[in-house]
Amino acid sequence: MKNFWKAANFKGHLLTAISYMIPIVCGAGFVIAIGMAFGGTSQDSLVMGKFNFLEALATLGGKALGMLPVIIATGIAFSIAGKPGIAPGFVVGLAANSISAGFIGGIIGGYVAGWIAVAVIKFVKVPSWAKGLMPTLIVPFLASLSSGLIMVYIIGTPVSWFTSWLTNLLQSMSGASNLIFGAVIGTLSIVDFGGPINKTAFAFALTL
């Protein structure tokens, strides 16, 4: 079992994805913060000519932060499978977003997409003339199709239910419950001094 966890490298792939995600979070966070600090409000959609500058900033930043499941899924799949993992990671992240599986769905989907892409590379044999199509067409297509369907029809429902339950639970906290939640997040943030637990707690709290 120890060798399995080491070979799977769950932590390494997650940290790689988080390292890609943090600059996007920072950029989008500053954009939305500037817009809302001066009176802008985040809207459901951007409509040409219907937004003032501050509303546009707040909305663009909010939309970017809403793509975090896609970003984390793409990063994990890329870490596992390289460039052929980018497309399936992106697709499964969009699927997680569309069915409200959230950040957790993006993480799980990224691993699924990456491992399926690796399996396609390893086990799918093609004629010599088609080998050039493997990284750009065959692997992305098969892995995107498989991982997207798995997310929508297998993983998505329980993860979406859990994400909804967890979000509602945290949003309903008040008083002493907030103190407990803050203490837990604070402890996880300092326990390993910027290591994987810290980064995971940061990403979890930020996406909430």
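1. Buried residues make up 36% of the 208 residues in the protein chain. Here buried means under 20% relative accessible area, exposed means over 50%, and partly exposed lies in between (1.4 Å probe, protein chains only). Please keep in mind that this is a predicted model, in which local features need pLDDT of at least 70, side-chain atom pairs count only at pLDDT 80 or more, and totals for chains, interfaces and linings use all residues. Residues are numbered from 1 along each chain as its sequence is written, and side-chain values use heavy atoms, with hydrogens and water left out.

2. On to the overall fold. The chain has nine helices and zero strands, so its pattern along the sequence reads α-α-α-α-α-α-α-α-α, where helices (H or I, at least four residues) and strands (E, at least two) are DSSP runs numbered from the N terminus.

3. How do α2 and α3 pack? Helix α2 (residues 10–37) and helix α3 (residues 53–65) meet at an angle of about 150 degrees, with their axes 7 Å apart. Axes are lines fitted to C-alpha atoms, for helices over the stretch in contact, and angles run from 0 to 180 degrees between N-to-C directions. The two helices α2 and α3 are therefore roughly antiparallel; angles over 145 degrees get that name, while those under 35 count as roughly parallel, 65 to 115 as roughly perpendicular and the rest as oblique. The crossing of α2 and α3 is left-handed, a term used if the near helix is turned anticlockwise from the far one by less than a right angle, with right-handed used if clockwise.

4. Within α2 you will find Ile34, which is partly exposed at a relative accessible area of 44%. Its C-alpha atom is separated by 7.4 Å from that of Leu57, although Ile34 and Leu57 are 23 residues apart along the chain.

5. Helix α5 (residues 86–98) and helix α6 (residues 102–123) have axes that come within 8 Å and cross at roughly 150 degrees. That makes α5 roughly antiparallel to α6. The crossing of α5 and α6 is right-handed. In the loop between α5 and α6 sits Ser100, which has a positive phi of about 60 degrees although it is not a glycine.

6. Is Ala95 buried or exposed? Ala95, in helix α5, is buried, with a relative accessible area of 10%. Ala95 and Gly106 are eleven residues apart in sequence and 8.6 Å apart in space, C-alpha to C-alpha. Helix α5 also holds Val91, which is partly exposed at 33% relative accessibility.

7. Now for the surface. Trp129, Leu133, Leu137, Phe141, Leu145, Leu149, Val152, Tyr153 and Ile154 form a nonpolar patch with about 1,000 Å² of accessible area together. One of these residues, Leu145, lies in helix α7 (residues 134–171) and is partly exposed, with a relative accessible area of 43%. Patches are made of residues with over 30% relative accessible area and no salt bridge; like charges are joined within 9 Å and nonpolar side chains (Val, Leu, Ile, Met, Phe, Trp, Tyr) within 5 Å.

8. Finally, Gly182 belongs to helix α8 (residues 176–190). Gly182 is partly exposed, at 40% relative accessible area. From Gly182 to Ala205 the distance is 10.0 Å in space, C-alpha to C-alpha, and 23 residues in sequence.

Technical notes: Accessible areas come from the Shrake-Rupley method with a 1.4 Å probe; for residues, only the protein chains shown count as cover. A salt bridge is a side-chain nitrogen of Lys or Arg within 4 Å of a carboxyl oxygen of Asp or Glu.
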